[in-house]
Amino acid sequence: MDRRNPRRDEEMRPAARRRPSREEIEEARRRREARRRQKNAPPPPPRTEEQGHTVRAWTRSAPSDPRRGSEVAPRPPRPEKRPRTDAVRREAPREAKVRPPRKKISMRVRVLAGLFGGLVLFSVLSLTVLFPINEISVSGESHYTDEQIIKESGLLTGQNIFLSGKGSDALVEKSLPYIKDAVVHKQLLSGKVTIEVTETAAHLCTKHDGKWIVLDAQGKVLESPDNPPEGVTVLSGLSIDKAEPGETVAFFEESKAKALWELCEVLSLNQVQGVTLIDLDDSLDTKIKYQNRITIRLGIPTELDTKIRYAMTVIREDIKSDAKGILDTSSAKNYTFKEDFS
């Protein structure tokens with residue numbers, strides 16, 4: 001603010017802006033439209049004037065340059081500008097391809113992947129290089145030697161302990177009939193394999209095709225010698241259909257075979273020892289021979305448990321220890337004993 005000249009301050013102060021009227025706005029629009037049309041209009045054609053045979057074109061004279069003292073060359077006309085339409089448009093700039101950001105693998109996924117890879121590698125090595133069999137042994141009493149059992153099992157030192165031993169127990173039980181059960185135990189760290197065997201015993205023997213077929217209590221064929229083994233119960237009255245070592249025997253008469261196995265089970269449960277003969281020639285009159293001196297008649301194969309217990313009680317209490325004869329307990333309620341004095 002100039003205190004010496006306050007009028008000057010009033011002149012320099014900007015005047016308050018006034019809102020234009022509608023007529024002024026319309027007049028300004030018409031002027032802009034006229035300037036736009038004049039700017040886009042083509043140049044006018046040159047004016048000509050005919051003088052005799054000469055046609056002279058009148059053009060705008062170039063202004064003179066006082067510094068040069070001559071006329072300056074006329075300015076060439078401006079090139080015609082084409083009006084922009086909707087058909088002519090500037091091409092939009094292409095968007096730059098943006099690569100998606102790489103997904104970061106978390107530490108947890110990396111750890112899990114490493115553990116999985118290590119597990120796969122360990123599994124492959126354990127089935128090929130690691131855990132070989134270093135020692136093979138046999139435990140339990142058997143009818144055969146340890147070398148025979150190991151040979152029939154198919155186990156060899158140096159084999160992989162995981163891949164070996166499958167089905168070895170079945171091979172031993174079939175190839176060596178006197179072995180009832182065979183179990184293979186493995187120790188991974190030491191590489192030791194133990195074959196634990198349980199032996200079965202001869203229980204019955206019967207004649208077939210000129211040889212004696214030896215069976216255990218479950219009907220498994222143990223061997224076929226020329227003579228019956230000592231201390232084994234002789235079976236009579238049953239015809240064998242098939243008898244392969246290590247397999248279960250097959251009889252022709254199924255009803256008699258069923259009665260035989262039921263009778264063997266009753267004798268085992270009552271711990272009856274000393275039965276030397278089982279006679280099934282007559283299906284209605286089953287007979288057994290006790291200690292090769294007393295023939296016990298059981299009749300039809302029913303109530304065998306009651307009949308056997310009754311017969312053994314009579315033998316212990318009423319019959320002399322050296323007596324021979326026929327004991328009839330087929331009624332299971334009373335008995336008759338016919339002594340043989342010959």
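## The chain as a whole

What percentage of the 342 residues in the protein chain is buried? Buried residues account for 25% of them. Keep in mind that this is a predicted model. Its average pLDDT is 80 for the protein chain, and 74% of the residues reach a score of at least 70. One stretch to treat with care is residues 50-62, where pLDDT stays under 50; the model gives that stretch 16 contacts beyond four places in sequence.

As for the parts list, the protein chain has 7 helices and 18 strands. If you look at contacts between residues at least 6 apart in sequence, 45% of them join residues at least 24 apart.

## The nine-stranded sheet

Now to a sheet of 9 strands, which is open and has mixed pairing. Reading across, the order goes E10-E9-E8-E11-E14-E15-E16-E17-E18. The edges are strand E10 (221-223) and strand E18 (336-339), each of which pairs on one side only. On average, and ignoring direction, neighbouring strands here are turned by 25 degrees against each other.

Let's zoom in on one pair within this sheet. Strand E11 (residues 233-236) and strand E14 (residues 275-279) run parallel and are joined by 3 bridges. Val234, for instance, has Leu277 in E14 as its bridge partner.

## Two helices, H6 and H7

Helix H6 (residues 254-269) lies across strand E8 (204-208), E11, E14, strand E15 (286-290) and strand E16 (294-299). H6 runs at about 155 degrees to E14. Helix H7 (residues 304-317) packs on the sheet too, touching E15, E16 and strand E17 (325-328). The direction of H7 makes about 150 degrees with that of E16.

How do the two helices sit against each other? The axes of H6 and H7 come within 10 Å and cross at roughly 45 degrees. An angle between 35 and 65 degrees counts as oblique, so H6 and H7 are oblique to each other. The crossing of H6 past H7 is right-handed. On the H6 side, the residues that meet H7 are Ala259, Glu262, Leu263, Val266 and Leu267; their counterparts in H7 are Leu304, Asp305 and Ile308.

Strand E5 (residues 135-139) runs parallel to E7, with 5 bridges joining them. In that pairing, Val138 has Ile195 in E7 as its bridge partner.

Strand E6 (residues 179-187) pairs with E7 in the antiparallel sense, over 8 bridges. E6 and E7 make a hairpin with 4 residues between them, and Gly191 in the turn has a positive phi of about 75 degrees.

## A closer look at Thr248

Is Thr248 buried or exposed? Thr248 has a relative accessible area of 56%, and the cut-off for exposed is over 50%, so Thr248 counts as exposed. You'll find Thr248 in the loop between strand E12 (240-242) and strand E13 (250-251).

Which residues does Thr248 touch, leaving aside its neighbours within four places in sequence? Thr248 is in contact with Gln218, Gly219, Lys220 and Lys242. Thr248 and Val221 are 27 residues apart in sequence, yet their C-alpha atoms are 6.0 Å apart in space.

Conventions. Residues are numbered from 1 along each chain as its sequence is written. This is a predicted model: local features need pLDDT of at least 70, side-chain atom pairs count only at pLDDT 80 or more; totals for chains, interfaces and linings use all residues. Side-chain values use heavy atoms; hydrogens and water are left out. pLDDT is the predictor's confidence in each residue, from 0 to 100. Contact means heavy atoms within 4.5 Å. Two strands pair if DSSP finds at least two bridges between them. Axes are lines fitted to C-alpha atoms, for helices over the stretch in contact, and angles run from 0 to 180 degrees between N-to-C directions. Buried means under 20% relative accessible area, exposed over 50%, partly exposed in between (1.4 Å probe, protein chains only). Angles under 35 degrees count as roughly parallel, over 145 as roughly antiparallel, 65 to 115 as roughly perpendicular and the rest as oblique. A crossing is left-handed if the near helix is turned anticlockwise from the far one by less than a right angle, and right-handed if clockwise.
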